[in-house]
Amino acid sequence: MQTTDSIAIIGDLIAFPTVSRDPNRDLLHYVTAHLDRHGVASEILWNEAGTKGNLWATIGPPDVPGVILSGHSDVVPVDGQAWASDPFAMRQDGGRLYGRGAADMKGFLGTVLAAVPELVTRRLVAPIHIAVSYDEEVGCTGVTSLIERLAGLAVRPALCIVGEPTSMQVATGHKCAGMYNVTVTGLTAHSARAPTAVNAIAYAARLIAFIEELARDAADSGPLDHGYEIPQATLSVNTIRAGTALNIVPAECVFQLDVRALTDDDLTDLMSRIRTYADTRLVPEMQAMDPRCGIAIEEIVHVSGLATDRDHPAVRFVSSLLPQAPLGKIDFGTEAGTFSRDAGIVSVVCGPGSMAQGHKPDEFIEITQIAQMEEMIGRLANRLEAGGLPW
């Protein structure tokens with residue numbers, strides 16, 4: 001593989017402004033055309049509107065358990081961020097590639113696609129599958145149709161490598177995540193008559209303060225898993241909307257809550273405590289003033305956690321493809337948990353770049369990381385050509 005080829009394709013991918021709110025159709029057509037040029041058939045599972053889809057392609061024998069190289073095509077917005085250059089025009093400078101998605105995660109996808117001309121020349125005993133998904137950045141929701149398809153296959157892939165940026169380390173675990181809309185419905189009044197109203201902001205503030213107490217308790221008392229940089233569950237309120245005028249007591253306050261927990265059981269427990277506090281402490285006070293008041297908590301997204309056994313042969317296999325591959329865990333969620341839980345495919349996370357650069361202005365990836373990914377793909381092809389998977 002030539003790193004210049006990877007860089008060129010990464011630049012092409014960055015040029016598609018595939019923010020999650022927008023289609024990824026044009027990017028998928030580009031990928032399809034690239035695969036077609038090298039004799040690789042692909043399939044796209046479109047959403048109902050035909051604007052977004054998951055792409056699936058196989059190089060090698062399709063009736064043998066193989067390895068998925070999986071990445072998402074969508075990126076986070078650039079709105080309100082100060083970039084030194086156009087975020088959707090890749091800039092190469094000082095051994096780095098700059099652009100939205102360079103690290104998260106078009107650097108990985110571009111490197112995989114650049115490997116296709118070589119991979120098709122190999123006599124693979126087990127296949128390499130390429131998966132490109134959508135809407136990962138809004139809660140891993142788009143990949144569902146692909147997961148359902150894979151779960152129903154007579155011969156499932158044996159391993160999925162999700163190429164999120166881990167600085168080419170192998171991650172065997174990540175936290176689960178829950179994201180929620182919380183709507184506090186009060187009773188409005190002129191602010192001069194505030195005691196006759198139910199101030200939605202005030203009750204939202206009390207609930208948010210309780211959530212902050214839970215976050216502090218998690219940090220102080222656990223449960224803890226020191227395999228993570230942040231070993232405890234985290235809870236954060238990240239958006240809030242309320243109020244119409246300075247002299248009107250607000251009748252509604254809506255905020256959004258993000259919870260990252262070590263396990264699904266921990267997440268369920270935390271949300272149960274939040275709901276109980278709202279239902280037993282706050283809502284009775286509110287409804288004493290007006291029965292129409294209340295607090296509704298709606299789950300927007302649930303991202304499955306990942307907990308792959310570090311001693312699984314698949315983990316040892318992936319580690320063997322890298323010169324140095326310390327095992328670890330990552331705090332952010334990925335589609336690996338969904339591949340593992342819903343499709344029954346052993347999954348790890350390993351890819352070029354660092355999430356320290358993800359989602360930020362002037363996002364970048366080091367070219368040396370791309371070269372390491374190229375070497376990993378080459379070693380993977382060697383192993384699959386020589387004897388297939390060792391488990």
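Let's start with aspartate 135, which sits in the loop between strand E6 (128-133) and helix H4 (144-151). Helices (H or I, at least four residues) and strands (E, at least two) are DSSP runs here, numbered from the N terminus. This is a predicted model, so local features need pLDDT of at least 70 and side-chain atom pairs count only at pLDDT 80 or more, while totals for chains, interfaces and linings use all residues. Residues are numbered from 1 along each chain as its sequence is written, and side-chain values use heavy atoms, with hydrogens and water left out.

Aspartate 135 isn't a glycine, yet its phi is positive, at about 60 degrees. Its relative accessibility is 14%, so aspartate 135 counts as buried (under 20% relative accessible area; exposed is over 50%, partly exposed is in between, with a 1.4 Å probe and protein chains only). Cysteine 140 is also placed in the loop between E6 and H4. Cysteine 140 is another non-glycine with a positive phi, about 55 degrees, and it is buried, with a relative accessible area of 8%.

## Cis peptide bonds

Going from aspartate 104 to methionine 105, the peptide bond is cis, with omega near -10 degrees. Methionine 105 belongs to helix H3 (residues 102-119).

A cis bond also links glycine 222 to proline 223, this time with omega near 5 degrees. Proline 223 is in the loop between helix H5 (200-221) and strand E11 (234-242).

## Rings and charges

A pair of aromatic rings is described by the distance of the centres and the angle of the planes. The rule takes rings of Phe, Tyr and Trp (its six-membered ring) with centres within 6.5 Å; planes under 30 degrees apart are stacked, over 60 edge-to-face and the rest tilted. That gives 4 aromatic pairs. One of them is phenylalanine 210 with tyrosine 277: the centres are 4.1 Å apart and the planes are at 5 degrees, so this pair is stacked. Phenylalanine 210 is in helix H5 and tyrosine 277 in helix H6 (residues 264-289), so the pair ties together parts 67 residues apart in sequence. Phenylalanine 210 is buried at 14% relative accessible area, and tyrosine 277 is buried at 14%.

As for charges over rings, the test is NZ of Lys or CZ of Arg within 6 Å of the ring centre and within 35 degrees of the ring normal. Arginine 91 lies over the face of tyrosine 98, 4.3 Å from the ring centre.

## Helix packing

Axes are lines fitted to C-alpha atoms, for helices over the stretch in contact, and angles run from 0 to 180 degrees between N-to-C directions. Helix H2 (residues 25-37) packs with H3 at about 25 degrees, the axes being 10 Å apart. H2 and H3 are therefore roughly parallel (under 35 degrees; over 145 is roughly antiparallel, 65 to 115 roughly perpendicular and the rest oblique). Contact (heavy atoms within 4.5 Å) is made by Leu27, Val31, His34 and Leu35 of H2 with Lys106, Leu113, Ala114 and Val116 of H3. These residues divide into 6 nonpolar, 1 polar and 1 charged, where nonpolar is Ala, Val, Leu, Ile, Met, Phe, Trp, Tyr, Cys and Pro, charged is Asp, Glu, Lys and Arg, and the others, Gly among them, are polar.

Helix H7 (residues 313-320) and helix H9 (residues 367-386) have axes that come within 9 Å and cross at roughly 125 degrees, and H7 and H9 are therefore oblique. Phe317, Val318 and Ser320 of H7 meet Met376, Leu380, Arg383 and Leu384 of H9.
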